[in-house]
Amino acid sequence: MDTAQQDHWDELRALCANCMSVPVEDVVPQARLVADLGADSLDITELQAASEEHFDVSFKGVDPASVRTVGDLAELIGRLRTARASDVVTG
């Protein structure tokens with residue numbers, strides 16, 4: 001896990017656990033959102049909205065099929081936050 005992921009990992013774990021009503025201990029990078037954590041389409045939508053709000057990112061234009069695990073989501077959020085930060089700097 002790189003630094004960008006680690007920066008928000010604990011917050012993301014809590015968010016996932018809350019949205020999917022699972023113990024935070026079950027939220028590990030390799031956990032598949034649907035197969036392992038039992039997320040349904042409503043859970044995924046809620047997690048997307050909560051993640052966008054909490055981490056101040058937008059998943060617009062992101063292929064939902066590219067996010068299968070909690071680690072995928074953490075990596076995506078890290079990339080989006082890094083891109084947003086560089087947009088602010090170069091502006």
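Visitor: Which element gives the largest share of the lining of the largest pocket?
Guide: That is α2, with four residues in the lining. Please keep in mind that this is a predicted model.

Visitor: What volume does the largest pocket have?
Guide: Its volume is about 390 Å³. The elements that each give two or more residues to its lining are α2, which covers residues 41-55, and α3.

Visitor: How many residues line the largest pocket, and which lie nearest its centre?
Guide: The lining has 16 residues. Nearest the centre are L33, I44, P64, A65 and V67.

Visitor: You named L33 there. How far is its C-alpha atom from that of G71?
Guide: The two C-alpha atoms are 9.7 Å apart, while along the chain L33 and G71 are separated by 38 residues.

Visitor: And where does G71 lie?
Guide: G71 is part of helix α3.

Visitor: Is G71 buried or exposed?
Guide: Buried: the relative accessible area of G71 is 13%.

Visitor: Let's zoom out. How many helices and strands does the protein have?
Guide: There are three helices and zero strands. Going along the sequence, the pattern reads α-α-α.

Visitor: What percentage of the residues are buried?
Guide: Of the 91 residues in the protein, 34% are buried.

Visitor: What share of the contacts links residues 24 or more positions apart?
Guide: If you take the contacts with a separation of 6 or more, 58% of them are between residues 24 or more positions apart.

Visitor: New topic: charges. How many salt bridges are there?
Guide: Searching the whole structure turns up two salt bridges. As background, side chains of opposite charge can pair when their charged atoms come close.

Visitor: Which residue does D36 pair with?
Guide: D36 pairs with R32, and their closest N and O atoms are 2.8 Å apart.

Visitor: How accessible are D36 and R32?
Guide: D36 is partly exposed at 40% relative accessibility. R32 is partly exposed too, with a relative accessible area of 41%.

Visitor: Which residue meets E75 in a salt bridge?
Guide: R79 does, with an N to O distance of 3.0 Å.

Visitor: How are E75 and R79 placed in helix α3?
Guide: Helix α3 spans residues 70-90, and E75 and R79 are four residues apart in that helix, so about one helical turn separates them. E75 is partly exposed, at 40% relative accessibility. R79 is partly exposed as well, at 48%.

Visitor: Are C16 and C19 buried or exposed?
Guide: C16 is buried, at 0% relative accessibility. C19 is buried too, at 5%.

Visitor: Thanks, that helps me find my way around!
Guide: Glad to hear it. Enjoy exploring!

How values were computed
Residues numbered from 1 in each chain as written. Predicted model: local features only at pLDDT ≥ 70, side-chain atom pairs only at ≥ 80, totals over all residues. Heavy atoms only, no water. Salt bridge = Lys/Arg side-chain N within 4 Å of Asp/Glu carboxyl O. Buried < 20%, exposed > 50% of the residue type's maximum accessible area, 1.4 Å probe, protein only. Contact = heavy atoms within 4.5 Å. 1 Å grid on protein atoms, 1.4 Å probe; cavity = no way out; pocket = protein on both sides within 12 Å on 5 of 7 lines; lining within 4 Å. Points joined across faces, edges and corners; volume = space filled by probe spheres on them.
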